[in-house]
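Hi everyone, thanks for making time this morning. Please bring the structure up on your screens, and I'll walk you through a few parts of it.

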Protein chains: 2
Amino acid sequence: VTDVQVVGLTGIPEITARSDLAAEIVQALRRQALQPDAADVLVVAQKVVSKAEGRSVDLRTVSPGAEALELAAAVAKDPRLVQVILSESRRVIRRAPGTLIVETRHGFICANAGVDHSNVDAPHHVLRLPLDPDASARRLREALRLALDVAPAVVISDSHGRAWRLGSVGVAIGAAGLEPLLDLRGRADRHGRPLVVSTAGRVDEIAAAAGLVMGEAAEGIPCALVRGVEWTPASPGAGAVGIQRPEERNLFR
Amino acid sequence: VTDVQVVGLTGIPEITARSDLAAEIVQALRRQALQPDAADVLVVAQKVVSKAEGRSVDLRTVSPGAEALELAAAVAKDPRLVQVILSESRRVIRRAPGTLIVETRHGFICANAGVDHSNVDAPHHVLRLPLDPDASARRLREALRLALDVAPAVVISDSHGRAWRLGSVGVAIGAAGLEPLLDLRGRADRHGRPLVVSTAGRVDEIAAAAGLVMGEAAEGIPCALVRGVEWTPASPGAGAVGIQRPEERNLFR
């Protein structure tokens, strides 16, 4: 593999809970005369998946509990927002004024449990991550298969901060059709010695590459078709949630 | 920006301390009829940069000190290798059998200070990271400017494990010509509200995308030309080392 292409899909309208996201993606592909094949990966921003799944919450309907009130004071955030974040979380990893890092119910370590109020049309609404992003990716893939007669792999991406690096980078929070890791074990280096780096975080590399075209701003491009990447078909049950490091293998914490 | 291309450079021979890395890259570009322009980014694997800079060490010449001997026993590694790792490090972040996570002298948090014995031709040799990878990137960029009359931006990439995710992903350890972060502050979402994710880790997104074509294995492609990406010209002193989170801003530790 020597040539990878990342093509942003343009002209996708505002997505709401009444949208047919797969149909909008298919229309965008057709407008750009793109015919995905089974080797392609379609990357879809978490925001449009969450919107299509009706994952927005009206903060005016949220009553913060005692833990949310205490934590909101500590981090200087809206107690109703903190309540939504806590409802999406297993535990709080780190709190500081303006910052709340949690482990989400899926197992992702990220700021605010991925709850976001940019790109939501109603001012009092915030958007939660999909309940099961791997299942969301599988459903999208099946809808694309029906519409296109071929199923590209699907990755649902979000932008996460990193522990030791400034700047956000795309990561996969959901995946269907492809194995999230690319196993390089058994491959030899130029000198016949086994590789030290033996597992590539392939879905995350794909999500990061898609981030190069998927702007967060007004011109927002919520999807990208990634072509020419080497990946392995998914084994049963494989998904992006499964590549969170199990606690006992977390060597950085 | 809706279309990004990542083109792997093929046929680059084994690089040694006697190689002219820039000349080999220029030849590979010409063989593939690629004419970089000033908007392109050339990503170069750390390994070939380190080799060209003579950063290999013969372990038979290394005498491990007391700290290396003690640590080597704790992590079950060669004490001479541990001595090389310690010499490259400011401090040890985490130790476990088979694993040694350190902060390098540059400030990178990574396994084994990036010291690696795959893809080194001599069996007793290990390869250290460049002394100053941002300076390496600047030198390469100047050499390319001389040879090509135009200077693409240059990123030196390595594969790092992540704190909470399995699988390695490309990150930038050196950069020249481009600002490492893409500042999205001031940009509005579709609804005119400021973006929550306000800074993209652009060099790391580029390094991760290049990782999709730059295999670590025998077919090794040590460089990739990345085209069509939005980035900002570097401000004075900008580089990949500077986007390590300062200790006081590290919200995950």
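Let's begin with B:V41, which stands opposite B:V226 in β12(B). A word on names: helices (H or I, at least four residues) and strands (E, at least two) are DSSP runs, numbered from the N terminus. This is a predicted model, where local features need pLDDT of at least 70 and side-chain atom pairs count only at pLDDT 80 or more, while totals for chains, interfaces and linings use all residues; side-chain values use heavy atoms, leaving out hydrogens and water. Residues are numbered from 1 along each chain as its sequence is written, and chains are lettered from A and ligands numbered from 1 in the order in which they are written.

Strand β2 (residues 41-45) of chain B pairs with β12(B) in the antiparallel sense over four bridges. Two strands count as paired if DSSP finds at least two bridges between them. Strand β1 (residues 3-9) of chain B also runs antiparallel to β12(B), joined by five bridges, and B:L9 has B:C223 as its bridge partner there.

Now, is β12(B) buried or exposed? Five of the five residues of this strand (residues 223-227) are buried, so it is largely enclosed by the rest of the structure. Buried means under 20% relative accessible area, exposed over 50%, and partly exposed in between, with a 1.4 Å probe and protein chains only. B:C223, B:L225 and B:R227 point one way, and B:A224 and B:V226 the other. In a regular strand, side chains alternate between the two faces of the sheet.

Over to chain A, which has an open sheet of three strands in the order β4-β5-β6, with antiparallel pairing. β4 (89-96) and β6 (109-111) of chain A are at the edges with a single partner strand each, so one side of each has no neighbour in the sheet. Strand β5 (residues 99-104) of chain A pairs with β6(A) over three bridges, and A:E103 has A:I109 as its partner in β6(A).

Finally, back to chain B for two helices. α3 (residues 66-75) and α4 (residues 79-87) of chain B pack at an angle of about 115°, their axes 8 Å apart. Axes are lines fitted to C-alpha atoms, for helices over the stretch in contact (heavy atoms within 4.5 Å), and angles run from 0 to 180 degrees between N-to-C directions. Among the residues that meet are B:L71 in α3(B) and B:L86 in α4(B).
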